[in-house]
Amino acid sequence: MPATTRQRKKSFLRRLIIPSVATAVLAYFGFHALNGEFGLVGRARIEREVADLQSQLDVLVAERQELTARVSLLRPESLDPDMIDERARLNLNLTQANELTILRPRVLQQQH
């Protein structure tokens with residue numbers, strides 16, 4: 001009697017396991033490619049933050065350049081008489097005899 005091999009018919013559920021797992025994995029990675037921290041939506045958020053930070057940097061660079069220019073006017077080798085006059089008037093509350101002084105009340109900030 002020759003040995004016969006039995007072949008089992010694959011069940012319906014067994015044929016769905018691999019495609020179901022592959023679909024679940026693709027759905028997982030697809031979702032995170034769109035909505036993850038570094039996905040398409042996250043990239044738009046990051047680009048918006050970069051633009052905001054760049055505008056803040058531009059403002060700060062301009063402010064720093066202005067302050068650097070003002071400080072350079074106060075250096076001993078390049079003293080500007082107008083700058084010295086402005087600083088003296090501001091710090092010492094000085095005016096000349098022929099000038100008109102307008103006093104405004106100072107607004108006090110509330111302390112929290």
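This is a predicted model: local features need pLDDT of at least 70, side-chain atom pairs count only at pLDDT 80 or more; totals for chains, interfaces and linings use all residues.

At 35% relative accessibility, Asp85 counts as partly exposed. The side chain of Asp85 meets that of Arg89 in a salt bridge, with 2.9 Å from N to O. Both Asp85 and Arg89 lie in helix 3, where they are four residues apart, or about one turn of the helix. Arg89 is likewise partly exposed, its relative accessibility being 24%.

Glu99, at 32% relative accessibility, counts as partly exposed. Taken together, Asp85, Arg89 and Glu99 are linked in a network of salt bridges.

Helix 3 itself covers residues 81-92, has twelve residues, and reaches 16 Å from its first C-alpha to its last, which is close to the 16 Å expected at 1.5 Å a residue. Just after helix 3 comes Asn93, which takes a positive phi of about 55°.

How many salt bridges does the structure hold? The structure holds four, and among them is the pair formed by the side chains of Arg43 and Glu47, at 3.0 Å from N to O. Arg43 and Glu47 are separated by about one helical turn, because they are four residues apart in helix 2, which runs over residues 40-73. Is Arg43 buried or exposed? With a relative accessibility of 53%, Arg43 counts as exposed, while Glu47, at 45%, counts as partly exposed.

| Pair | N to O distance |
|---|---|
| Arg43 and Glu47 | 3.0 Å |
| Arg89 and Asp85 | 2.9 Å |

## A nonpolar patch and an aromatic pair

Which residues form a nonpolar patch on the surface? The patch is made by Ile17, Ile18, Val21, Val25, Tyr28 and Phe29, which together have about 640 Å² of accessible area. One of these residues, Ile18, is found in helix 1, a helix that covers residues 12-35. Ile18 is exposed, with a relative accessible area of 66%, and this value lies over the 50% that marks an exposed residue.

The rings of Tyr28 and Phe29 have their centres 5.2 Å apart and their planes at 75°, so the pair is edge-to-face. Tyr28 is partly exposed, with a relative accessible area of 49%, whereas Phe29 counts as exposed at 54% relative accessibility.

Helix 1 also contains Phe12, which counts as exposed at a relative accessibility of 56%. The C-alpha atoms of Phe12 and Glu47 are 48 Å from one another, and these two residues are 35 residues apart along the chain.

## The chain as a whole

The features above belong to a chain that has three helices and zero strands, so that the pattern read along the sequence is α-α-α. What radius of gyration does the chain have, and what would a compact globule of 112 residues have? The chain has 37 Å, but a compact globule of that number of residues would have a radius of gyration near 13 Å. Along its principal axes, the C-alpha trace spans about 130 × 40 × 20 Å.

The chain exposes about 11,500 Å², of which 60% is supplied by carbon and sulfur atoms.

Technical notes:
Residues are numbered from 1 along each chain as its sequence is written. Side-chain values use heavy atoms; hydrogens and water are left out. Patches are made of residues with over 30% relative accessible area and no salt bridge: like charges are joined within 9 Å, nonpolar side chains (Val, Leu, Ile, Met, Phe, Trp, Tyr) within 5 Å. Accessible areas come from the Shrake-Rupley method with a 1.4 Å probe; for residues, only the protein chains shown count as cover. Helices (H or I, at least four residues) and strands (E, at least two) are DSSP runs, numbered from the N terminus. Buried means under 20% relative accessible area, exposed over 50%, partly exposed in between (1.4 Å probe, protein chains only). The expected span of a helix is 1.5 Å times one less than its number of residues. Rings of Phe, Tyr and Trp (its six-membered ring) pair if their centres lie within 6.5 Å; planes under 30 degrees apart count as stacked, over 60 as edge-to-face and the rest as tilted. The radius of gyration is taken over C-alpha atoms; the globule rule is 2.2 Å times the number of residues to the power 0.38.
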